[in-house]
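Here is a walk through one protein model, taken step by step. Keep the sequence and the 3D view side by side as you read.

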Amino acid sequence: MLSRDDNELLCRIGPGTPMGNLMRQYWVPAALSSELPEPDGAPLRVRLLGEDLIAFRVSSGAVGLIQNSCPHRGASLFYGRNEAEGLRCVYHGWKFDVGGRCVDMPIEPAESNFKQKVRAVTYPCVERGGLIWTYLGPRPTPPPMPELEATMLADNRIQVYQRDCNWIQALEGDIDTGHTVYLHLGGVDASEVPPDSWARYALADRAPRYEVTDTDSGVMYGAYRPAEADTNYWRIANFLFPFYAMIPTGVLGLEVRVRAWVPMDDAHTLAFLITHGAPPPPRNAGRQAVAPPETLPNTTDWYGRFRCAADGTNDYLIDRKAQKTVSFTGIGSIHLQDQAVTESMGPVYDRTREHLGTSDAMVIRTRKRLLDAARALRDRGQIPPGVDDPRVYAVRSGGVVLRRGADWIEATQKLRTAWTEHPGLTRSVLGNIPAV
Ligand code: FES
Ligand SMILES: [Fe+2]
């Protein structure tokens, strides 16, 4: 349970808020590179950290991110002409480059120097790993970009989904391993999955014990339960400042992934799910739909990007018969199951009314780190974790079987380190079945 003040501090990310200011210390994934496929193509509406912005790719291929409202008299630059290295407002023809300079003001007298005095708000953009990143922070020279392995590999795979709820509400689902065996696997009995598989271990003991520890990049947990007679199955996952999660799915050492829960505003979040490497072969996953959910074609609306076809307006297409027979929820895919429960808490969940148990240790610790960091920045100007140290992001998550009594942190040191090869390690160590 949080106090009302702490809940507000945690959730509100608009301009000028402590948590918004914390996020603005970091580079932020704003869009897919493929959303701006060509130079001088159509601009893109991007709602980000409570701001309405317009992304555009200029003639040279560079990407700009500019305030929506034209500095002249406020027409939306979404309707602008993207031409010759700048975006020109269609109302009176003022034109801006990616740095926000006004490079043309055709309806002012030729001798006027007014255009030198006008500046639009723009944010620097960099493309990496199929993503357009931006820095909305206060520094004239942005900090280094985070060394997130999955975002540094050109042949990565990215899925994006919009979620109709607050960012931390969505993220908390990623750092709560306990729900896996209910929300996703609640209809599956341990006897239905192969022995020696992660699912057998997880389903045979649905109440894992947690260990939680602070890291240089955020918080890490290990959740464990018995595997074989003298071993435990550990699910190890990370929260990384300010809004990343590395979930415990799959085999530690082999999984290269990260999820960014990027706030559009207080009540809308874009999830970028970034992975690298072949997915496990599609075998029995305990009747679970591991396929991605159906998405609608993107529209140009502020909230028109990466929407799922099943959503709160159609009750996520819940199938009540299936809920009694083939799945715990009757909701069609793992991602949608997560989407349904987190959105169902309401747009900004009121944490003054919740009741946290021991299984919520990771959620509790992550909130505390975020709140402490937001306050330290607000009150003392203290730079939050990872901003100036990109290497702390070079970590991995996943599942592992360890001898009972082993020090899980020490024993997994190498497996948790990015850019590390593990010859001989295969997904068969956890049964080679699709991971959840
Ligand atoms: S409002 Fe944009 S040029 Fe006038
Ligand atoms: Fe989930």
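Does Ala154 count as buried or exposed? Start by finding the residue. Ala154 sits in the loop that runs between strand 11 and strand 12. Ala154 has 8 C-beta neighbours inside 10 Å, so Ala154 counts as exposed. Now look across to Pro292. Along the sequence, 138 residues separate Ala154 from Pro292, and their C-alpha atoms are 21 Å apart in space. Bear in mind throughout that this is a predicted model.

Next, step back to the domains. The domain assignment gives two of them: domain 1 covers 27-135, and domain 2 covers 149-430. Their C-alpha centres are 35 Å apart. The two domains do touch. On one side, 13 residues of domain 1 take part, and they meet 16 residues of domain 2. Which elements of domain 1 give two or more residues to that side? They are strand 1 (27-32) and strand 2 (44-48). The residues on this side of domain 1 are six nonpolar, three polar and four charged.

Follow strand 1 into its sheet. This is an open sheet of three strands, in the order 1-11-10, and the pairing is antiparallel. Strand 1 and strand 10 (125-128) are the edge strands. Each has a single partner strand, so one side of each lacks a neighbour in the sheet. From one strand to the next, the twist averages 35°.

Five bridges tie strand 11 to strand 1, and the two run antiparallel. Within this pairing, Leu32 has Leu131 of strand 11 as its bridge partner.

Strand 2 pairs with strand 3 (residues 51-57) through five antiparallel bridges. Find Arg45 in this pairing, and you will see Ile54 of strand 3 opposite.

Now go on to strand 18 (residues 268-276). Seven of its nine residues are buried, so strand 18 is largely enclosed by the rest of the structure. Strand 12 (residues 157-163) joins strand 18 by seven bridges, and the two run antiparallel. Gln162 has Leu270 of strand 18 as its bridge partner. Strand 17 (residues 256-265) also pairs with strand 18, in the antiparallel sense, over nine bridges. In this pairing, Ala260 is opposite Phe272. Strand 17 and strand 18 are linked as a hairpin, through two residues.

The helices come last. Two packed helices are described by the angle between their axes and the distance between the axes. Take helix 1 (residues 4-11) and helix 9 (residues 361-380). Their axes come within 10 Å and cross at roughly 80°. That makes helix 1 roughly perpendicular to helix 9. Which residues make the contact? Helix 1 gives Asp6, Leu9 and Leu10. Helix 9 gives Arg367, Leu370, Leu371 and Ala374. By class, the contact has five nonpolar, no polar and two charged residues.

Helix 4 (residues 167-174) is itself mostly covered, with eight of its eight residues buried. Among them are Trp167, Ile168 and Leu171. The charged residues Glu172 and Asp174 of helix 4 are buried as well.

Notes: Residues are numbered from 1 along each chain as its sequence is written. Chains are lettered from A and ligands numbered from 1 in the order in which they are written. This is a predicted model: local features need pLDDT of at least 70, side-chain atom pairs count only at pLDDT 80 or more; totals for chains, interfaces and linings use all residues. Domain bounds come from an automatic or database domain assignment. Two residues are in contact if their C-beta atoms, placed from the backbone, lie within 7 Å. Helices (H or I, at least four residues) and strands (E, at least two) are DSSP runs, numbered from the N terminus. Axes are lines fitted to C-alpha atoms, for helices over the stretch in contact, and angles run from 0 to 180 degrees between N-to-C directions. Angles under 35 degrees count as roughly parallel, over 145 as roughly antiparallel, 65 to 115 as roughly perpendicular and the rest as oblique. A residue is buried if 20 or more other C-beta atoms lie within 10 Å of its own, exposed if 12 or fewer, and partly exposed in between; C-beta atoms are placed from the backbone. Two strands pair if DSSP finds at least two bridges between them.
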